[in-house]
Amino acid sequence: MTDAFFAGLAELDPGSVWLVGAGPGDPGLLTLHAANALRQADVIVHDALVNADCLKLAKPSAALEFAGKRGGKPSPKQRDISLRLVELARAGLRVLRLKGGDPFVFGRGGEEALTLVEHGIPFRIVPGITAGIGGLAYAGIPVTHREVNHAVTFLTGHDSSGVVPDRINWEGIAKGSPVIVMYMAMKHIGQISANLIAAGRSPDEAVAFVCNAATPEQVVLETTLSRAETDVAASGLEPPAIVVVGEVVRLRPSLDWVGALSGRALTADPFSNRIRRNPA
């Protein structure tokens with residue numbers, strides 16, 4: 001991309017930090033602001049979920065610092081990452097904190113931004129496409145479909161201590177949200193499934209796991225709420241994964257556009273047995 005392509009976009013000033021979402025995997029899902037930040041940054045502090053191909057857009061002199069946090073594995077402490085951003089900015093560098101997905105959707109972007117405010121560091125937030133929407137789209141699963149749901153809930157599968165959050169109102173979510181999208185939930189899917197079934201969800205409800213979403217390594221496992229734990233264990237799949245519960249999963253045979261590129265025949269109407277109303 002030429003300099004003229006980015007004319008008029010914001011400048012990443014020395015001594016400032018941009019908190020930028022890189023999207024769920026495919027470098028083509030980077031925003032223009034994200035690409036603009038990559039070409040300007042002196043140092044890029046990136047997490048484990050950022051596709052390495054995104055980093056190829058960085059200028060040759062840019063320093064790359066890995067600051068990935070992965071559940072159950074040795075990882076930098078969040079406070080240390082936040083203070084490192086302060087240190088780099090105070091050194092007069094143009095700092096890019098590049099995060100997979102969106103920095104404000106279970107990405108700890110708020111924590112890092114609050115630290116920057118605490119230390120008087122100017123910053124900018126650049127939203128990204130969160131995996132709970134973009135990753136599912138690459139699996140052919142829409143988070144909303146008007147024949148299925150008028151609400152969707154996003155939740156995390158573990159809290160800062162690594163266990164299933166005890167402040168989640170499972171009964172409220174089970175009864176009030178037709179579609180549930182879960183981040184970092186694979187490790188605790190047995191307990192989460194049991195919580196949802198105990199709160200009233202059908203054991204036969206459709207569930208999908210989308211691993212390595214929006215990358216060439218993407219794998220999708222379709223199962224049910226009662227079989228989710230067993231089927232995941234048998235599959236050998238590992239995080240990162242996004243998990244979705246709800247009837248929208250049953251749209252995948254019709255909307256798996258990635259599979260269609262490899263020859264999968266798509267179903268014209270997965271809900272053909274339903275009574276259809278004239279759409280408005």
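Start with the middle of things: the largest nonpolar core has 24 residues, and Met 182 and Phe 209 touch the most other members. (A nonpolar core here is a set of buried Ala, Val, Leu, Ile, Met, Phe, Trp, Tyr and Cys residues joined through side-chain atoms within 4.5 Å.) This is a predicted model, in which local features need pLDDT of at least 70 and side-chain atom pairs count only at pLDDT 80 or more, while totals for chains, interfaces and linings use all residues. Residues are numbered from 1 along each chain as its sequence is written, and side-chain values use heavy atoms, with hydrogens and water left out.

- Helices (H or I, at least four residues) and strands (E, at least two) are DSSP runs, numbered from the N terminus.
- As a rule, nonpolar side chains in soluble globular proteins tend to be buried together.
- What does Phe 209 contact, leaving aside its neighbours within four places in sequence? Its partners include Met 186, Ile 189, Val 219, Leu 221, Ala 228, Val 232 and Ile 242. Contact means heavy atoms within 4.5 Å.

**Helix α7, inside and out**

- Ala 228, Asp 231 and Val 232 are the buried residues to look for in α7. Buried means under 20% relative accessible area, exposed means over 50%, and partly exposed is in between (1.4 Å probe, protein chains only).
- Those three residues sit on the same side of α7, because they cover an arc of only 100° around the axis. The arc is that of the directions from the helix axis to the C-beta atoms.

**The parallel sheet**

- In what order do the 5 strands of the open sheet run? The order is β3-β2-β4-β1-β5, and the pairing is parallel. Two strands pair if DSSP finds at least two bridges between them.
- At the edges are β3 (63–66) and β5 (123–126), each pairing on one side only.
- From one strand to the next, the twist averages 20°. Axes are lines fitted to C-alpha atoms, for helices over the stretch in contact, and angles run from 0 to 180 degrees between N-to-C directions.
- β2 and β3 pair in the parallel sense over 4 bridges, and Val 45 stands opposite Glu 65 in β3.
- Two helices to find here: α1 lies across β1 (17–21), β2, β4 and β5, at about 135° to β1, while α3 lies across β1, β4 and β5, at about 175° to β1.

**Salt bridges**

- How many salt bridges are there in the whole structure? A search finds 15. A salt bridge is a side-chain nitrogen of Lys or Arg within 4 Å of a carboxyl oxygen of Asp or Glu.
- Arg 94 and Asp 42 meet in one of them (3.5 Å, N to O). Arg 94 is in the loop between α2 (78–90) and β4 (95–99) and Asp 42 in the loop between α1 (32–40) and β2 (43–46), so the pair ties together parts that are 52 residues apart in sequence.
- Asp 42 is buried at 18% relative accessible area, whereas Arg 94 is partly exposed at 28%.
- Arg 79 bridges to Glu 118, with the closest N and O atoms 3.5 Å apart. This pair ties together parts that are 39 residues apart in sequence, because Arg 79 lies in helix α2 and Glu 118 in helix α3 (residues 109–118).
- Arg 79 is partly exposed at 40% relative accessibility, and Glu 118 is exposed at 51%.
- Arg 97 and Glu 112 form a salt bridge too, with the closest N and O atoms 3.2 Å apart. Arg 97 in strand β4 and Glu 112 in helix α3 are 15 residues apart.
- Are Arg 97 and Glu 112 buried or exposed? Arg 97 is buried at 2% relative accessibility, and Glu 112 is buried at 0%.
- Glu 222, Arg 252, Asp 256 and Arg 264 are linked in a salt-bridge network.

**Around His 158**

- His 158 sits in the loop between β6 (152–156) and α5, and is buried at 19% relative accessible area.
- Residues that His 158 touches, not counting those up to four places away in sequence, include Val 163, Met 184 and His 188.
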